[in-house]
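Thanks for making the time this morning. I would like to take you through one structure, slowly enough that anyone who has not seen it before can follow along on the screen.

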Amino acid sequence: MAKVKGLRCRECGKEYPAEPIHVCEFCFGPLEVVYDYEEIKKNISREKIERGPKSLWRYIDILPVEEPKVGLTAGYTPLKKAENLGKVLGLKNLYIKDDSVNHPTLSFKDRVVSVALSKAVEFGFDTAACASTGNLANSVAAHCAQAGLNCFVFIPANLESQKIYGSLVFSPTVVAVEGTYDDVNRLCSEIANELYWAFVNINIRPYYAEGSKTLAFEVVEQLGWRAPDAVVAPAASGSLITKIWKGLKELKLVGLIDEMNTRVYGAQAEGCSPIAQAWREGRDYIKPVKPNTIAKSIAIGNPADGIYALQVTKESRGDWETATDEEIIEGIKLLAETEGIFTETAGGTTIAVLKKLAERGAFKEDEVVVAYITGNGYKTLEVLEGHVKETIRIKPTLSDFKEKILVRV
Ligand SMILES: *Cc1c(COP(=O)(O)O)cnc(C)c1O
Ligand SMILES: [Zn+2]
């Protein structure tokens, strides 16, 4: 496996072989996949990628998997020029990267899971699991069904019912834990120490996280091999943001783009914003919080990659911003009404934050700005109750239609 050198501790730099491990045994720092970029550079080209499959596997030369085993349809989602929303926000080159239509489970998690479970199959695991705020559980359950793996997903008991059914339909064991996501995650770390299971976001995390890079790769390719001037993305554990940045840097390292001056902006829900708060207060460490927000998919109070996400915004000269629950719902509606895209609360957070950033002049009018929409609104329908128009009920007669509907037009 020439392209992957192994794993390396992000804190002390100690190197490890590419195994199903995720923490440094010396300093407990997180491990990250290390590549041989010189080797990759010899192999990779824009043309080769463009000839590849219409999925994230077109970037396999820069992913930690030898051969995709599962999740063959993930990625390759639309990048939509957002003319209408751009007009509202005063941005001439605004784009929406739309992972609300990712396959098979309508969130960006299909990217990380297809990579993690392809790796888990390579390692020979027969059981996969995860600690999830909802979308990850949906995706792990679907991909386990594809791969014929035993599946256990752990979620906080108070999740949206659409997200719970979105896992149950694939028939995994769904464990609803009485506690927050952070309680679920701690429990799963204890289980992962005892059982030989592939917990995609625990012991397989270094590989899982690499899947997020494809959100950077695709945007650059879709813009005609050009890095955007700015991106806005939501943060839960902070992994996505960290890896979008890693992906952008890698494209330059392997010679697929010459310039990369992208500013990375992070979006969090006000009711769970430990990373944004650290940024505001100029701290380089995270104070865990207890989540209290409708944006459950990004409600992680003790984010594993929070400090690295802070480093990304610092290094890229980006920023952080938060949105209240009210603003998140307005964000969902604004995107729906202007662009016809229905996102969930995480996407509402991104749009609300994009709007605030635009209003305070974070972007120049003609800069290329990309907003990452990471999940689908049909999974969080209940948050719209009381916030949208009501249906108008009529009898099936022309007269009732005229009386009740036409009079209003
Ligand atoms: C998981 C998730 C995120 C954020 O992921 P992290 O990598 O943990 O920061 C964003 N949006 C949606 C919809 C998600 O499900
Ligand atoms: Zn270490």
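What follows is a short walk across the boundary between two domains.

Please keep in mind throughout that this is a predicted model. The chain is divided into domain 1, which covers 1-43, and domain 2, which is made of 79-105 together with 206-384. Taken over C-alpha atoms, the centres of domain 1 and domain 2 lie 26 Å apart, and the contact involves 16 residues from domain 1 and 14 residues from domain 2.

How much area is buried between domain 1 and domain 2? The value is about 1200 Å², with carbon and sulfur atoms giving 56% of that area. On the domain 1 side, Arg10, Val33 and Tyr37 together supply 42% of what domain 1 buries against domain 2, which is more than any other three residues supply.

Let me turn to the polar side of the picture. Between domain 1 and domain 2 there are seven residue pairs in polar contact, and the rule finds one salt bridge across this interface. There is also a salt bridge to look at between the side chains of glutamate 32 and lysine 243, with 2.6 Å from N to O.

As for which elements of domain 1 touch domain 2, strand 3 (31-35) and helix 1 (37-43) each supply at least two residues, and strand 3 gives the most, with four residues.

Terms used
Residues are numbered from 1 along each chain as its sequence is written. Chains are lettered from A and ligands numbered from 1 in the order in which they are written. This is a predicted model: local features need pLDDT of at least 70, side-chain atom pairs count only at pLDDT 80 or more; totals for chains, interfaces and linings use all residues. Side-chain values use heavy atoms; hydrogens and water are left out. Domain bounds come from an automatic or database domain assignment. Contact means heavy atoms within 4.5 Å. Buried area is the accessible area (1.4 Å probe) that two parts lose on being put together, summed over both. A salt bridge is a side-chain nitrogen of Lys or Arg within 4 Å of a carboxyl oxygen of Asp or Glu. A polar contact is a pair of N or O atoms within 3.5 Å; within protein, one must be able to donate a hydrogen and the other to accept it, and residues adjacent in sequence count only if both atoms are side-chain atoms.
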